[in-house]
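This briefing is meant to be read beside the sequence and the structure.

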Amino acid sequence: MAFSGNTIIFDGISSERFGLMLVGKIDSTEQESGALGTRISVINDMILRRPSPIYYTAKQGPPLEFKLILSVMVENQFLSRHDLAAIAGWLYGHSAYKELSICQADLTDYFYRCKIIELEPVFVAGKTVGVSASILCDAPYAYLRAANSVVMSFVETEYTYHNRSNTNGYYYPQITICATGETPEIQILNLTTGESLALNNIPQSGATISIDCMRQILTSDEIPNVYDYCNFNFPAFIKGSNRLKLTGSFRMDIVNEFPMYIGA
């Protein structure tokens, strides 16, 4: 499967700004697709006289990789060294992963978080007519961007959070807690999984607490030693519906960028 759209947006900048369009092939250089889901490694042991192996676990596959071919939009137009320098400055050499979106109808809400690891000019009859970009993603999947979930808790509130990811692992989002200070302790209990995050010693003036659930990082300007007042059960959501019970007075914002196996 390859992309059928004509425009890409990388790091917030459209390929059209450089007079380039996404194509399937230029001469012998072809766009490469990635697997729908990269190969998973199974860890097991074979034992004598046992016909089936003893299964231990499975290891997530390597990050998704694919190749994009960008061509000039106007026939008989060629790329100069100045053009290639500008394109390289856009695509190449970033220190962090950047967002890549493909502008086609069935990918409107999806994006890849990736780096360009190789960039080559594409020639036809000795003239530079495009570039070939090798893409390395930060994970074996893309992401589905949805509106953030905003939940208000007044002493005690129940809420159903929908994890729309199609992966079968947990989703560990970025969460921001804005505590009013009316209650000294707040709790987020996932009734579906039985796990709960508890934070206490909330100052009466309130506090904003940022939670990186994946990396298990807590930050708060109002509570410098916030780790001392946390039970270290960082929120994690299973695929589908998660019933939450919120205790305390606070606002919770959940960033929704759901991992999705959609291939490339």
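By class, how many nonpolar, polar and charged residues does the lining of the largest cavity have? The lining has 8 nonpolar, 4 polar and 1 charged residues, where Ala, Val, Leu, Ile, Met, Phe, Trp, Tyr, Cys and Pro count as nonpolar, Asp, Glu, Lys and Arg as charged, and the others, Gly among them, as polar.

This is a predicted model, in which local features need pLDDT of at least 70 and side-chain atom pairs count only at pLDDT 80 or more, while totals for chains, interfaces and linings use all residues. Residues are numbered from 1 along each chain as its sequence is written, and side-chain values use heavy atoms, with hydrogens and water left out.

**Cavity**

- A search of the whole structure finds 1 cavity of 30 Å³ or more, a cavity being a set of points on a 1 Å grid over the protein atoms alone where a 1.4 Å probe fits but cannot get out.
- The largest cavity holds about 70 Å³ of space, the volume being the space filled by probe spheres set on the grid points, which are joined across faces, edges and corners.
- The largest cavity is lined by 13 residues, of which Ile-188, Asn-190, Glu-195, Pro-235 and Ala-236 are the closest to its centre; a lining residue has an atom within 4 Å of a point.
- Strands β16 (186–190) and β17 (195–199) each supply at least two residues of this lining, strands being DSSP runs of E with at least two residues, numbered from the N terminus.

**Salt bridges**

- The structure holds 7 salt bridges, each defined as a side-chain nitrogen of Lys or Arg within 4 Å of a carboxyl oxygen of Asp or Glu.
- One of them joins the side chains of Arg-145 and Glu-99 at 2.7 Å, N to O, and this pair links distant parts of the chain, with Arg-145 in strand β12 (residues 142–145) and Glu-99 in strand β9 (residues 98–103), 46 residues apart.
- Arg-145 also meets Glu-257 in a salt bridge of 3.8 Å, N to O, and here the partners are 112 residues apart, Glu-257 lying in strand β22 (residues 257–260).
- Arg-145 counts as partly exposed because its relative accessibility is 37%, as does Glu-99 at 30% and Glu-257 at 21%; buried means under 20% relative accessible area, exposed over 50%, and partly exposed in between, with a 1.4 Å probe and protein chains only.
- Glu-99, Arg-113, Arg-145 and Glu-257 are linked in a network of salt bridges.
- Lys-245 forms a salt bridge with Glu-156, with the closest N and O atoms 3.9 Å apart; Lys-245 lies in strand β20 (residues 240–247) and Glu-156 in strand β14 (residues 156–163), so the pair ties together parts that are 89 residues apart in sequence.
- Lys-245 is itself partly exposed, with a relative accessible area of 26%.

**Nonpolar core**

- The largest nonpolar core has 63 residues, and Phe-66, Leu-100, Tyr-112 and Met-252 touch the most other members; such a core is a set of buried Ala, Val, Leu, Ile, Met, Phe, Trp, Tyr and Cys residues joined through side-chain atoms within 4.5 Å.
- Beyond residues up to four places away in sequence, Tyr-112 touches residues including Phe-3, Phe-66, Glu-99, Leu-100 and Ile-262, contact meaning heavy atoms within 4.5 Å.

- Ile-8 lies in strand β1 (residues 7–10) and is buried, with a relative accessible area of 2%.
- Leaving aside neighbours within four places in sequence, Ile-8 is in contact with several residues, among them Leu-22, Leu-68, Trp-90 and Leu-100.
- Leu-119, in strand β10 (residues 110–124), counts as partly exposed at 22% relative accessibility.
- Leu-119 and Ala-133 are 14 residues apart in sequence, with their C-alpha atoms 4.7 Å apart in space, and Ala-133 is among the residues that Leu-119 touches, as are Ala-88 and Tyr-92.

**Positive phi in loops**

- Val-155 is not a glycine, yet has a positive phi of about 70 degrees; its place is in the loop between β13 (149–153) and β14, and at 55% relative accessibility Val-155 counts as exposed.
- Asn-201, likewise a residue other than glycine, has a positive phi near 60 degrees; Asn-201 lies in the loop between β17 and β18 (207–212) and counts as partly exposed at 43% relative accessibility.

Definitions and conventions:
On a 1 Å grid over the protein atoms alone, a cavity is a set of points where a 1.4 Å probe fits but cannot get out, and a pocket is an open set with protein on both sides within 12 Å along at least five of seven lines; lining residues have an atom within 4 Å of a point. Helices (H or I, at least four residues) and strands (E, at least two) are DSSP runs, numbered from the N terminus.
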